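Biologist: Hello! Could you walk me through some side-chain contacts and ring pairs?

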Amino acid sequence: MKISGAEIFIESLKKEGVQHMFGYPGGVVLNIFDKLHDEKGLELILTRHEQGAVHAADGYARATGKPGVVLVTSGPGATNTVTGIATAYMDSIPMVIFTGQVPTLLIGNDAFQEADIVGITRPCTKHNFLVKNVEDLAGVIKEAFYIAMAGRPGPVLIDLPKDVTTHKAEFVYPEDVKLRSYNPTYDGNKYMIKQAAQMVARAKKPVIVAGGGVILSGASKELKEFAEYADVPVTMTMMGLGGFPGSHKLSLGMLGMHGTYYANKSIQEADLLIAIGMRFDDRVTGKIDAFAPHAKIIHIDIDPTSIRKNVRVDTPIVGDVKNVLTVLNKVMKEEVKDQWVEVRKAWTKQLDAWRRERPMTYDRESDMIKPQYVVEKIYELTKGDAIITTEVGQNQMWAAQFFKYDKPRTWLSSGGLGTMGYGLPAAIGAQLAFPNKLVIDIAGDGSIQMNIQELATAVINKLPVKVAILNNRFLGMVRQWQELFFEERYSHTKLDDVVPDFVKLAEAYNAVGLRATKKSEVEAVLKEAFSIKRPVFMDFVTDWQEKVYPMVPAGAAIDNMLFYEEKKKVEKKLKAVK
Amino acid sequence: MRHTISVLVENKFGVLSRISGLFSGRGYNIESLSVNETIDPQISIMTIVTSGDDWIVEQITKQLNKLIDVIKVVDMTELDHVEREMVLIKVSPRQEDKAEVLRLAEIFRGRVVDSSQKTYTIEITGEEKKIEAIVELLKPMGIKEFVRTGKIAIAREGIKKA
């Protein structure tokens, strides 16, 4: 029996096991939306903006490991997805985005709500398709889901002309996909893995740098086994947080521009870096010529282009992180016994000394609400058992620094693209996937306003996300750079007079609004918010002058850091002169 | 250094823009590009001449391989191979130069494929250096029009000694 393209769309998604998708209707996708009206097994969450739909699907994908699915209309509906798609692309998040398109005969005619979305998204999708015949639809959907998940995951877009959704074809869903042109390498080269094991065994000062690939490949257990067996400390990129337990004694926390002193120090002193599922982004390496000057580098990644893109590599291993680590652990245990125990003692001692020398800190004595204090309180009250999403800027860095992520897929943040407005819709996606989990968006007063309309989505769908706004009345990270590098000339970063009343705003959306203006109120506000089974905006009026430390100025070597303590010393010195 | 890269791709809608977009988006250089269907109409072959140091060329080949529609990438520069380009040159020589034009065409194994009262159109195939040489020699005779294909390349097969 022949069925319509719209029905094929729905049946194909069911075959893929899709239960939820996010979207926004419009003219050319009406046929599909009409079919969704009676559909029980496939729920579409209506967001209030297409960008929100993509971020929500992204949050859903990061929290579950399953591909996020989006359905929007042509033209503006499609172009509004671009930031969300680019966000997912940079962070290798699997997603399938369906955009409506004008009927095939009108393509190229500048028809109403026509946009060349396949052309527009070519550089920010892993792959994209324009379906021209309804007979191809099921096969294309199958391929899209496969490509989104295979190898290094990523977003895949399918453009669906209106007539393809109405034309009919036999529905045959392919059993599997075989692409002669795309065959990722999953198993690492045995010889290289053995070489790596020998290097690890011989190293005196090794460090593991774990990235988002550890989480994407589900290799946290294998990573922990490796680190513990070989007694190697682990630092994480921002994308890697949660890939290794942040509270583990081998954890050095995050490295890079706002990384810990001890993580960055360890990189600069190390004689061996074991880079796992990470890509040596400039926020991680700082000045590339001065990065890890004494270290040999083992680089494990499923994407060959990540290897030798930014840094020289001594032992490249292309493969799935989980597969490679499984073999590496086996080789380590069988062939290189614990010969390093004595050698590493000095290194462990050194790392402990660095930890004591400059721990992660801020002015805990202050009477004002310090944003770090709010993050620490959230950690304390949840005991780390929460899914944290963030916006981008200072809020994101404090959330990365002062909350310890022990489990993968509990830290959802836009790393590569750095997209403000990501956190609230991502929290909605994660909450939909895990209705009983506490999902908290740690936000800034600037970022939250970039997708604030999604509060309506949370309220209507009864998704009780919590939003902790670290409200400093500034675009804080930019302001920090202006203070440090532009002589406190706060060009267009002061939001003071126009920051909305977030409590009233929450109430206007029929959500709950709470506010803390004093440090003593923080805990009570958090406790109350966590006890309410509705979406809550918490407005924490924080110290506007607070900055993210440590900080490596852009273009400097990563051990060339600015510290909070030194700033204080400088201020004291300045006072003494006056 | 210059590299000649052969890229076997699925003969699908938009594949050329995926390749050219990759080069422009990542700031790589395309010096010449030639594309055509292979014996199998589902597959096209592109010959791309690009330049860069070893790091860049390694990235270019890896990035090309990463594209879903790319089947195979071969850096011809690493292999023993044959390269060819073709030019069509329309010359309008003075009366006294006409014989010299024809003589040059013959020396370079070119063929006159069209002629009029005032012009000769000469077709020449060969390696880049040969093409450049004939162009230099014909310039003083008055080149009216000039079109040149991108480079194409094919690997040589090894010969077993008897």
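Modeller: Gladly; a polar contact is a pair of N or O atoms within 3.5 Å, where within protein one must be able to donate a hydrogen and the other to accept it, and residues adjacent in sequence count only if both atoms are side-chain atoms. This is a predicted model, in which local features need pLDDT of at least 70 and side-chain atom pairs pLDDT 80 or more, while totals for chains, interfaces and linings use all residues. Side-chain values use heavy atoms, without hydrogens and water, residues are numbered from 1 along each chain, and chains are lettered from A.

Biologist: Which backbone oxygen does the side chain of Asn451(A) reach?

Modeller: Asn451(A) has a relative accessible area of 1%, so it is buried (under 20%; exposed is over 50%, partly exposed in between, with a 1.4 Å probe and protein chains only). Its side chain also joins that of Gln453(A) through a polar contact of 2.8 Å. The backbone oxygen, reached at 2.8 Å, is that of Gly421(A).

Biologist: How many aromatic pairs are there over all chains?

Modeller: Rings of Phe, Tyr and Trp (its six-membered ring) pair if their centres lie within 6.5 Å; planes under 30 degrees apart are stacked, over 60 edge-to-face, the rest tilted. By this rule the count is 17.

Biologist: What is the angle between the planes of Phe9(A) and Phe98(A)?

Modeller: Both Phe9(A) and Phe98(A) are buried. Their ring centres are 4.7 Å apart and the pair is edge-to-face, with an angle between the planes of 85°.
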